[in-house]
Structures are given as structure tokens and as C-alpha cells.
Amino acid sequence: MRSGSISFSSRYTLRRILTAVLVLVGMSLITFVLVNVIPADPIKYAAGPNATAEIVANMRREWGMDRPLPEQYVRYVIRLVHGDLGVSIMSRRAVLDDLRDYFPATLELAIVAFLLTLLIGVSLGLFSAARGGGTDTIVPLAGVFGGAIPIFWLGIMLQLVFYLRLGWLPAGGRLGQDQVDALRVITGSMLLDAILQRQWSILFDALKHLILPAVALSLGPIAIIARIARASAREIFGQDFVRTAQAKGLSSRRVLWVHVLKPASIPILTTLGSQFGYMLSGSFLVETIFQWPGIGRYTILAITAVDFPAIMGATLLVSVTFLTVNFLVDMLYVWVDPRIKY
């Protein structure tokens, strides 16, 4: 029975991997078509306004953009299979090297925002379901308003209040100018690198720079998760086994965290997985507003420069990250509810 279960799980994992590959191929094709139908010529943009027709033709030949679009896509997929994302027209570096430099900043921001969403959103939802009364009305209303606030407006308001008016927090960037050269890059995460090198002043400065963009990125998801957690927990509170636990005299805290949280986790996990994808896409705006040197800002610059290889590479990286998170959420389902079988 055990070996059969393992093989079945292996088949499911293989099926998910094959599905992910098909999704990535579809994403690459859609992105390739979209970036090639826009009325802009990246070669003319890169060559500059004073470039002659001969220079433009040579550059087009050098970048392989003189060939038919189907052939360009096939060549791109072949390079992709070998781990080659091409060369950025904007930076003249390998796109893979650019993504390796920029992605840790986005990942750090998304993880901190995700932790805020998990801790605050789930706690608010469970507290509202357990206490009832006024909080049971406030959380749904906060969920509606919090989810409706535009992320770019929220980011600007946070800068106006906490930087311009109060002067408590920096307006953008990852570190102050006096701290940038003092930290050696190891992982690309300022928090981890500061801890590894025991640079506590830099760690504090990195946390200060992280607060505003992380709050801007997490406020909407916090409101949504709180609403989902409240609805799910209220349903579980109505089950017989919870009433039995309460009748035995167990404390409200024990009933909530031991008997209610785990069975209420399935919809919460599902929403958390989708919200992490939202954070990756929302980081494009947040990173631009807060001058955060991550993959979102890199992609915006690539779009401005009509840098096709960089746009394609960033899109695929975000897609891979989103698919990975969804796969991990599916695996967590089995741990939360052993009755679920794949």
C-alpha cells in the first residue's frame, strides 16, 4: 500500500512537472508574440538616432532579428533548453546574469510581504471568527476596502506620510548611501548578507528601507487573507468536534489553534499561493515607486528600452516562481488534510 501510494504520488509529481513545462512553453510563445507585435524596433532604439542603415542592418543580423519570426522563436526555445536566455540589448550582459543580480531583491521583498500577510492576515481572520461582535463586522469591511486600494496610490501615500511628513523611514532604495559599499554581496538578500557578516547596523538600515515597500505590497493581500480566514474559521467553529472540544472545557486559544486552524487551512493556503503570485506582479509597481532594484524595476526598464530578451527572461522567471509556489501549496494540502490523495 505504501509503495503504491508513493508511485501514485510520483506520477502526480511527474504530471505536474509536464504541465508546468507546457505552461512555460505557452507563456514563452505568448510573450514572444506580444513583444514582437508592438510597433517598436529594439535594434533602432539600441543603435541610437544617428545610426546609419548599414549599422542597423549589421546589428539586426548580429542579434538574429533579420530572420522570420517562427525561426527566431525556434532558435530562442533551443537556447532556452540549454539554459541560455540570450543577451540583454539594454545592458549588453547575459539576461541570466541580470536576473541573478536583480531577482534576490524581489524575492526578499516578496517573502517579507508574504510573512506579513501570513501572520497579520490569518491572525486577524481567526481572531474575528473567534471573538465575533464588532470585529466580525470590521474584518469583512476592511477586507473590501483593503483589497480595493490601488497599490501605486498606497505606496505614494506611505512615502508622503512616513518619509516626507514624519521623517521616520526612508523613501526608497535598499540601503543608505553610506552603507552600500560596507556590505559584501553573498546571497543578494541584504538581510541575510548583513546577518552572515554580523553587520547589525546595516541589518537595521536594510529593515528600515524594507518596511514601506513591504507594507505597500502586503496590505491588499492581508485584507483578502483575513476575510478568507474568517469565513473558513467560522465554518469550522460550527462543526460538532469543535463544540465537543469547547464542552470539555478547553481554553478558547487551544480550541482555535489546535482544533480550528488546521481544518480551516485549505482555503487559506489556496489564497496564499495566489497572493504570492500577486506580490510578484505587484512588485513591478512597488519597486518603481520605491526605487527598489529588483526584477520588477528591471522589467519596467526593459520594456522602456524595448529589450525583447530581457522582457522574455523576466516573464519566464516570474512564471517559474509562480508555478513552483502553486506546486508547494498542493504538496502542503496533503500535510494539512491526509484525506487528500493525488
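1. Contact here means heavy atoms within 4.5 Å. Helices (H or I, at least four residues) are DSSP runs, numbered from the N terminus. This is a predicted model, in which local features need pLDDT of at least 70, side-chain atom pairs count only at pLDDT 80 or more, and totals for chains, interfaces and linings use all residues. Residues are numbered from 1 along each chain as its sequence is written, and side-chain values use heavy atoms, with hydrogens and water left out.

2. Start with helix 12 and helix 13. In helix 12, Ser283, Phe284, Glu287 and Thr288 meet Ile295, Gly296, Arg297, Thr299 and Ile300 of helix 13. This contact has three nonpolar, four polar and two charged residues.

3. Helix 13 covers residues 295-304, and its axis lies 7 Å from that of helix 12, at an angle of about 85°. Helix 12 is therefore roughly perpendicular to helix 13. Angles of 65 to 115 degrees count as such, under 35 as roughly parallel, over 145 as roughly antiparallel, and the rest as oblique. Axes are lines fitted to C-alpha atoms, for helices over the stretch in contact, and angles run from 0 to 180 degrees between N-to-C directions.

4. Helix 12 itself has 25 residues. From first C-alpha to last it reaches 34 Å, close to the 36 Å expected at 1.5 Å a residue. The expected span is 1.5 Å times one less than the number of residues. Helix 12 bends by about 40° at Ser283. The bend is the angle between axes fitted to the seven residues ending there and the seven starting there. Just after the helix, Gln291 has a positive phi of about 50°.

5. Helix 9 (residues 200-237) packs on helix 12 at about 160°, with the axes 10 Å apart. That angle makes helix 9 roughly antiparallel to helix 12. The helix 9 side of the contact includes Pro213, Pro221 and Ile228, and the helix 12 side includes Pro267, Tyr278 and Ser283. By class, this contact has 14 nonpolar, five polar and no charged residues.

6. Helix 5 (residues 95-131) meets helix 12 (residues 265-289) at about 135°, with axes 9 Å apart. So helix 5 is oblique to helix 12. Among the contact residues are Phe114 and Leu118 of helix 5, and Phe276, Ser283 and Glu287 of helix 12. The contact divides into twelve nonpolar, three polar and one charged.

7. Arg16 sits in helix 1 (residues 2-37). Leaving out residues up to four places away in sequence, Arg16 touches Asn326, Phe327 and Asp330. The C-alpha atoms of Arg16 and Leu323 are separated by 9.6 Å, though the two are 307 residues apart along the chain.

Key. Helices (H or I, at least four residues) and strands (E, at least two) are DSSP runs, numbered from the N terminus. Ala, Val, Leu, Ile, Met, Phe, Trp, Tyr, Cys and Pro count as nonpolar, Asp, Glu, Lys and Arg as charged, and the others, Gly among them, as polar.
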